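Keep the sequence and the 3D view at hand as you go.

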Amino acid sequence: MQPFVILRILGQLLMIFSITMLPAVGVGLFYNESDSVDSLAMAFLATLITGFLLWYPFRNYQSDLRLRDGFVIVVLFWTVLGLFGSIPFFLSNALALGFVDSLFESISGLTTTGATVLTQLDHLPYSILFYRQQLQWLGGMGIIVLAVAILPMLGVGGMQLYRAETPGPVKDNKLTPRITETAKALWYIYLSLTILCALSYWLAGMTVFDAISHSFSTIAIGGFSTHDLNLQYFDSRIIEWVAIVFMLLSGANFGLHFLVWRHRSLPHYWRDDEFRMYCLILLASSIIILSVVKFHDTLSGPLFDQITTVVFQVVSIGTTTGFTSDDFSVWPTFIPVLLIMLSFIGGCAGSTGGGMKVIRMLLLFKQGLRELKRLVHPNAHFAVKLGKKPVDNRVIEAVWGFLSAYIGIFIIMLLMLLASGIDQVTAFSAVAATLNNLGPGLGEVANNYSDINAFSKYVLCLGMLLGRLEIFTLLVIFTPVFWRR
Amino acid sequence: MKIIILGAGQVGGSLALSLANESNDITLVDSDPKVLQEIQDRADLQTVVGHASHPTVLAQAGAMDANMVVALTNSDETNMVACQIAYTLFHTPTKIARVRATDYLDYDGLFVQEALPIDVLISPEYLVSKYIENLIEHPGALQVLNFADGKVKLIAIALHAKSMLIGKKVSAIFDDMKDMDTNLVAMYRHQQLLTIEQDVELEAGDELFFIAASSKAKNITTMLQGLDKPNRRVIIAGGGNIGLLLAQILEPHYRVKLIERDAGRAKSLSEILEKTIVLQGDAADENLLMEENIDSVDVFCALTNDDEANILSSMLAKRLGARKTMSLINRPSYIELVESGMIDTAISPQQVTIGALLAHIRRGDVVAVHSLRKGYAEAIEAVAHGDHRTSKVVGRKIHELKLPTSAGIGAIVRADEVIIATPELIIEPEDHVIIYLADKNKVREVERLFQVSATFI
């Protein structure tokens, strides 16, 4: 553990983060919103100065980072930025939010969850709306690097699987500079996807402001919108299909995008076991839900519109984006419950999506099959394979550990919410929606989280962080072993 | 012909013995003087002790005026280097090497004149695996051998007591097979060659040799044997190179289980193989075999490198109810011993490999040779070159050819078409002629027949 180096890096991070508040200030000036410009500018200064004060005394502490430093920095990145990111919400008079609500909104943005405590979005200042969307986008950026480069290296929950494929470092537990190279390539992909998405939205009929704002939350798999009605506001099938395509792309492994881009060959997508499984899960769920919808005659209108609505909802919840184009919480109970369950699977590893990740589910499924085969052939050796490559037992153990920790955390948080007096449907869906970084839940939290008590909001903030940091990264900080020298 | 054989292992040794009997000039090189002494006692050949790839050793073996180098040592690398040296220093015209590692074989452009000058690559493991696959594909056949890139097959069948052909005359077979593109080329009873005459009555235990187009081969085995169901379930005992290769070849079409004794090897096999079930245990463990339903297994192949273990586990499998057992057996004396009934098919890796080598040693343009009946008989695929004037076969009808009495032409492959031989068929240039030769000593006559006379340019 090297506290001074960590503080230096944290200072640098805060200074960089403060700069990201400037575009929102620009938006505020453009729309002449003096109140929110003030709050954003003050937040900018506060963050910049804090960052500088952290950085300046330790600026000469340069040394290689170790594995444990990596854990601490990753955790601090989300907690400290979450805290400082809440300042503009807290200071803004237009919002009049308390500390909990500001923190909730900020963490929900940075972890790309998309759960909100704000109401009457349509009447809020543009600069605040833009800042909110941008927060998700920045969070998504961090997640890509976290998911593709850092978690595989830390080996959290079986993610060492990706170690070999990522050009990231492996040897002697040091974070080498090659991580920057990986990060750069991934950010280019992230940025190009965002630009493409914004253009498509604009061409599909959104205003420039809405197109940019929504492209931010789509690529980040966030789910924030600038309207209370979310995407339903636009009432456009084209916009919904644009969203479906870009949610699908963002829910796939960015490492895979990188591979496809480097080899200039699309078939790479289909050769990837996880991507195939991801598409199959979403396709199968769409078909099941569509038939249930038809059976109960839930939706009206032409068939194409019904298909669009169902596919949109499946992709949005399945990838843990959390956009809505129809109030699915009032559909036959089977559907909202299935969708919430779907969010447990979530996106692919190395994407901006949340949940437990398709790859882990795939491995657990294959491991289950292996156990069945072992019962029939007690003397046989079976290998769990991805593609044609055998998967190490160590990875499968880690995935089992991850699953049990995930379930354990889920149950504890559920009980805490129930204890605070929230009804069961709301509590279940709220915990699922935050732990999976999904966003909208059912019951009281179907539209926003403003009505639940403060204690639950803190619990859910923790849930969002746990989900985003793949549980173990955060839990490991609380173990005594970690701090022992 | 002057041939240098490097490596006096099982394949090298038996090749040397087999070729020495054909009045070739053989030099055998090995680093173990004892093995060489043993072989020299049994055959008329020269031996050199030394490392096979060293230039001095090669020179001593007479590489200067050798027609051919056959590198069959245990090491792929030694074999490749020996061929390289034979080419660079001694300009040996034909170089044959055994290369086992599939990694070398996966890359094109490696075995060319500028890189590794090897004319023919031989992988005994691959040949044996393909041979076994052919047998499994044709239940009821004793031997199945490929000619003309697999377009034509030679099938050997032993009539079993329940066959519907018992008591019928040979002419009945011809009637049954009229439109099946097939030809009966030889017939044995009590290990004695019978001349094929229309009114011979068939008895149980008769061995019949057919030549047929591959597309029809399956019909023949099922028609003649009648009772044998197609094979579905296969157990392979021994996960060595042959076992692994065979499992890889078979697993898309059959349900394959592979038994390997070593835990580490079993684990790595399970990672390489896709659908095969890899079991760790002893192939002669009755409980393991019972647990894996040995009584409903169609074929049990014992492929470890231990003859005795193979024979014993096959016998056990047979007693526990396996429908058919095959066993890899290196020692020739064991083969005769077990084929009397304990094991259905004994596979001799040397016999299989030597066939592939013989094709390059035969004079005339011989494409494929298979050694049959412990080396007493041979099946040859030769190409007819030249024209009516320069060749002794081209432009002549089959019954006009001066073939030895023990030889018979089974089929001809013209371009891509398989033509079953009839006495009136005229042979054209570039035809591939498939000949069954019951007496190997007459092989020179066949070779001479297919050699183009000197006036042909």
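**Exercise 1.** In this predicted model, find in which order the 5 strands of the open sheet in chain B lie, and which of them are the edge strands.

*Solution.* The edge strands are β18 (366-372) and β21 (417-420) of chain B, since each pairs on one side only. On average, neighbouring strands of this sheet are turned by 20° against each other, when direction is ignored. Looking next at one pair, strand β19 (residues 377-383) and strand β22 (residues 432-437) of chain B run antiparallel and are joined by 6 bridges, and I380(B) stands opposite I435(B) in β22(B).

**Exercise 2.** Describe how helix α6 (residues 124-137) and helix α14 (residues 349-361) of chain B cross.

*Solution.* The two axes come within 9 Å and cross at roughly 105°. Angles of 65 to 115 degrees count as roughly perpendicular, and therefore α6(B) is roughly perpendicular to α14(B). Where the helices meet, P124(B), L127(B), V128(B) and Y131(B) come from α6(B), while P349(B), V352(B), T353(B) and A356(B) come from α14(B). By class, the residues of this contact are 7 nonpolar, 1 polar and no charged.

**Exercise 3.** Work out how many residues of chain A and of chain B are in contact, and which strands pair between these chains.

*Solution.* Chain A contributes 7 residues, which are in contact with 10 residues of chain B. The side of chain A that touches chain B has 4 nonpolar, 3 polar and no charged residues. Strand β1 (residues 380-381) of chain A pairs with strand β14 (residues 277-280) of chain B in the antiparallel sense over 2 bridges, and V278(B) in β14(B) is the bridge partner of H381(A).

Technical notes:
Residues numbered from 1 in each chain as written. Chains lettered and ligands numbered in written order. Predicted model: local features only at pLDDT ≥ 70, side-chain atom pairs only at ≥ 80, totals over all residues. Pairing = 2+ DSSP bridges. Helix = DSSP H or I, 4+ residues; strand = E, 2+ residues; numbered from the N terminus. Axes fitted to C-alpha atoms, helices over the stretch in contact; angles between N-to-C directions. Parallel < 35°, antiparallel > 145°, perpendicular 65-115°, else oblique. Contact = placed C-beta atoms within 7 Å. Nonpolar A, V, L, I, M, F, W, Y, C, P; charged D, E, K, R; others polar.
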